[in-house]
Amino acid sequence: MAALIAALASCGKKNSPVPDPGPEPPGPDPVTFAKGADISWASEMEAGGVKFKNLDGGQAALLDVLKECGFNAIRLRVWVDPYKGWSGKEDVVAVARKVQAAGMSLMIDFHYSDFFADPSRQAIPSAWQADKDNLDKMCQHVSAHTKEVLQALKEAGVTVKWIQIGNETRNGMLWPAGQLWTDKGDITDGRKHFAQLYNAGYDAAKAIYSSALVMPHLNNAYEDNGWWFQQIKAAGGKFDAIALSHYPQAETQFTAVQYNQKALEQIKKLHSTCQVPILVAEVGVKPAKSDAASVLASFVSEVKKLDYCAGVFYWEPQVNGSWKPEIYGKPAELSKYTGSTVTSPWGAYDQGAFAADYHPSSILDCFGN
């Protein structure tokens, strides 16, 4: 495991002391390889009347359906002050209770935003905007939010096995405070500032769940990502594992098979460089393509052969290409939450893996092996 470097002082000194978080709740049976699903939309779906079906077509709770398909782990994203509370603290705790009761392992994915954070946007939460130019205060926000959510989970009797600090943070987080570069080039001290923000989350996570694997997350598993982690480590960043995203049918420069091959090559190379466990925290394929099932099955099969790969999580498998969150139909709200002008509704996500009537499709068969 990579050597851990002490947190930078500007983040540590400002954080208020935290009461003893108490013992960690007993977790599910140890998972040697996580066959996971990010189901963060599920509670909104259920509130809107969606009824999930099992492999026999009978109505069943989503977690029971996923367990029947072979899943043993769940990933949930956390937003700070989201639209109607979906993926906010209370929503996450409510779903996490069900995950714990189902005996499944849990990953928590902090976006540090009110909406999706990814390579196209890393928007500061509205409640933190006044401090956007004060790095110390931004560190305090990151720390306090992380502790608040994780302490609520612990008090609910939930065990958290993996914790992401930021979501797809290739160009940093909480722009501009933790941004790494612009179209004009690298930002002076960008990596140092990012490491301060990231470490504020890392230290807060460890203060509540000391045994959890805490990690950063990058998109594009098929790229050479070793340089990124080496630079962040050199800037003081600490991580117990690495999370990656892989969508082999989302881009067209190469074939899906080639994207799989490149991702596997780079995962091997990244582990050789960083010597920490690697999780594919997001994967997805397009059911409309005839080879979707074989593309996914091949990738999952090959990743499972790598003893340092700790698992694969399918992103929002329970959607079916027609359902979409309420906010997607409201351009004004999308404009507010994305920080950019949206003039028309967004379409539904096209890489879910359930059929029109909300039963699992054959795409997920590989998780049962």
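Trainee: How far apart do the centres of the positive and negative side chains of the protein chain lie?
Mentor: The protein chain has 35 positive and 40 negative side chains. Lys and Arg count as positive and Asp and Glu as negative, while His and the chain ends are not counted. Each charge is placed at NZ of Lys, CZ of Arg, CG of Asp or CD of Glu. On that basis the centres of the two sets lie apart by 3 Å.

Trainee: Which pLDDT do local features need here?
Mentor: Residues are numbered from 1 along each chain as its sequence is written, and side-chain values use heavy atoms, with hydrogens and water left out. This is a predicted model: totals for chains, interfaces and linings use all residues, side-chain atom pairs count only at pLDDT 80 or more, and local features need a pLDDT of at least 70.

Trainee: How many helices and strands are there in the protein chain?
Mentor: Both are DSSP runs numbered from the N terminus, with helices being H or I over at least four residues and strands being E over at least two. Counted this way, the protein chain has ten helices and 13 strands.

Trainee: What radius of gyration does the protein chain have, against that of a compact globule?
Mentor: The radius is taken over C-alpha atoms, and the globule rule is 2.2 Å times the number of residues to the power 0.38. The C-alpha atoms fill a box of roughly 55 × 50 × 40 Å along the principal axes. For 369 residues the rule gives a value near 21 Å, which agrees with that of the protein chain, 19 Å.

Trainee: How much of the protein chain is buried?
Mentor: Buried means under 20% relative accessible area, exposed means over 50%, and partly exposed lies in between, with a 1.4 Å probe and protein chains only. Of the 369 residues, the buried share is 56%.

Trainee: Which residues have the most contacts inside the largest nonpolar core?
Mentor: A nonpolar core is a set of buried Ala, Val, Leu, Ile, Met, Phe, Trp, Tyr and Cys residues joined through side-chain atoms within 4.5 Å. The largest one has 110 residues, and those with the most contacts inside it are I39, L153, I163 and Y314.

Trainee: Which residues does I163 contact, leaving aside its neighbours within four places in sequence?
Mentor: I163 is among the residues with the most contacts inside the largest core. Its partners are I108, F110, L150, A205, Y209, A212, L213, V214 and M215.

Trainee: Which residues does the second, separate core include?
Mentor: This core has eleven residues. Among them are A73, A241, L279 and A281.

Trainee: Which residues does V93 touch, not counting those up to four places away in sequence?
Mentor: V93 is placed in helix 4. Its relative accessible area is 12%, so V93 is buried. The residues V93 touches are A152, L153 and A156.

Trainee: Is S245 buried or exposed?
Mentor: S245 is found in strand 11 (residues 242–246). Its contacts beyond four places in sequence include E168, H217, N220 and E282. With a relative accessible area of 2%, S245 is buried.

Trainee: Which residues is G368 in contact with, leaving aside neighbours within four places in sequence?
Mentor: G368 lies in the segment after helix 10. Its relative accessible area is 49%, so G368 is partly exposed. The contacts of G368 are K35, C69 and G70.

Trainee: What omega has the cis peptide bond that joins W175 and P176?
Mentor: Most peptide bonds are trans. P176 lies in the loop between strand 5 (172–173) and strand 6 (178–179). The cis bond from W175 to P176 has an omega of about 5°.

Trainee: What is the phi of S87?
Mentor: Most residues other than glycine have a negative phi. S87 is in the loop between strand 2 (73–78) and helix 4 (89–101), and at 2% relative accessibility S87 counts as buried. Its phi is positive, near 70°.

How values were computed
Contact means heavy atoms within 4.5 Å.
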